[in-house]
Amino acid sequence: MTPIKEDYLKIIFELGGAKKEVSNKQISLALGIAAGSVTEMVSKLKKEHLVTHKPYHDIALTKSGLDQAILLIRKHRLWETFLAQDLNYALPDIHPEAEVLEHVTSPNLLTRLDEFLGHPTHCPHGGVIPDQDGHFQEESYTVLATIPDGQTVTIERFIDDHDLLTYLADIKLSLETQVTVIKHEPFDGPIRVTTNSGQEFNISFKAAHNIFVTDENGAPLEHTTR
């Protein structure tokens, strides 16, 4: 399988494709790729029975696609955990290194890496790490962009993307921070938020679609679209 196909399987998993259908727009925003290119690749994945998709419907992983995505995610996120936890890599820098390492990881090395790390359940940017049997904890698939003005939420995880993680480091937005949405600017403008410490700043339209949130108590929210 080509690296670009693997990236699609991983991003569909991250967006919730193991549990529900995800839209072409969600994939386009997460990968920073034109919608037409997403449609073309999804068609190829469908022919290989890795995703399900009908005209005017959204996209989900098949059993085969999910199995492959789980293995890719497990390898990638265990390496990300090792790089951040044991080699002190900065969060924005772990993704490209893990991309290389996941492709040279044998089943035996993967098992030993998992044991060495103490069987972590989440990676440094908040994503779940499936266990050796493919099981993983429930997570939220509600993105910050869909939260109405005035509501307070907790930052649970970020899409695994170097540019996004660099951007979030620059604005100093971290996991488990509680933010209250003040205003959605029109025409795909930024979202104005304030933190529980009183800091107020804008989050870009694209970034807000790649930040997943829970309620104030850490419970998943009902998924909505905006």
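1. A definition to start with: two strands pair if DSSP finds at least two bridges between them. Keep that in mind as you look at this predicted model, where strand β3 (residues 152-158) and strand β4 (residues 178-184) pair in the antiparallel sense over 3 bridges. Within this pairing, valine 153 stands opposite valine 179 in β4.

2. Let us stay with valine 153, a residue of strand β3. Is valine 153 buried or exposed? Its relative accessibility is 0%, so valine 153 counts as buried; the cut-off for that word is under 20%. Leaving aside residues up to four places away in sequence, valine 153 touches Leu144, Ile147, Thr177, Gln178, Val179, Val213, Thr214, Asp215 and Leu221. Do find Val213 in that list: valine 153 and valine 213 are 60 residues apart along the chain, and 6.2 Å separates their C-alpha atoms.

3. Now step back to the sheet. Its 5 strands form an open sheet in the order β6-β5-β4-β3-β7, with antiparallel pairing. At the edges are β6 (200-203) and β7 (211-214), each of which pairs on one side only. On average, neighbouring strands of this sheet are turned by 45° against each other, direction ignored.

4. Which strands does helix α7 lie across? Helix α7, made of residues 162-170, lies across β3, β6 and β7.

5. Next, a pair of helices. Two packed helices are described by the angle between their axes and the distance between the axes. Helix α1 (residues 3-15) and helix α4 (residues 63-86) pack at an angle of about 90°, and their axes are 9 Å apart. That angle makes α1 roughly perpendicular to α4, because angles of 65 to 115 degrees count that way.

6. Which residues make this contact? From α1 come Glu6, Leu9, Lys10, Phe13 and Glu14. From α4, the residues they meet include Leu66, Ile70, Leu72, Ile73, His76 and Arg77. Sorted by class, the contact of α1 with α4 has 7 nonpolar, 3 polar and 4 charged residues.

7. Finally, the whole protein. There are 8 helices and 7 strands in its secondary structure. The C-alpha trace spans about 50 × 45 × 25 Å along its principal axes. A compact globule with 226 residues would have a radius of gyration near 17 Å, and the protein agrees, with 17 Å. Of the 226 residues, 47% count as buried. Among contacts with a separation of 6 or more, 63% are between residues 24 or more positions apart.

Conventions. Residues are numbered from 1 along each chain as its sequence is written. This is a predicted model: local features need pLDDT of at least 70, side-chain atom pairs count only at pLDDT 80 or more; totals for chains, interfaces and linings use all residues. Side-chain values use heavy atoms; hydrogens and water are left out. Helices (H or I, at least four residues) and strands (E, at least two) are DSSP runs, numbered from the N terminus. Axes are lines fitted to C-alpha atoms, for helices over the stretch in contact, and angles run from 0 to 180 degrees between N-to-C directions. Contact means heavy atoms within 4.5 Å. Angles under 35 degrees count as roughly parallel, over 145 as roughly antiparallel, 65 to 115 as roughly perpendicular and the rest as oblique. Ala, Val, Leu, Ile, Met, Phe, Trp, Tyr, Cys and Pro count as nonpolar, Asp, Glu, Lys and Arg as charged, and the others, Gly among them, as polar. The radius of gyration is taken over C-alpha atoms; the globule rule is 2.2 Å times the number of residues to the power 0.38. Buried means under 20% relative accessible area, exposed over 50%, partly exposed in between (1.4 Å probe, protein chains only).
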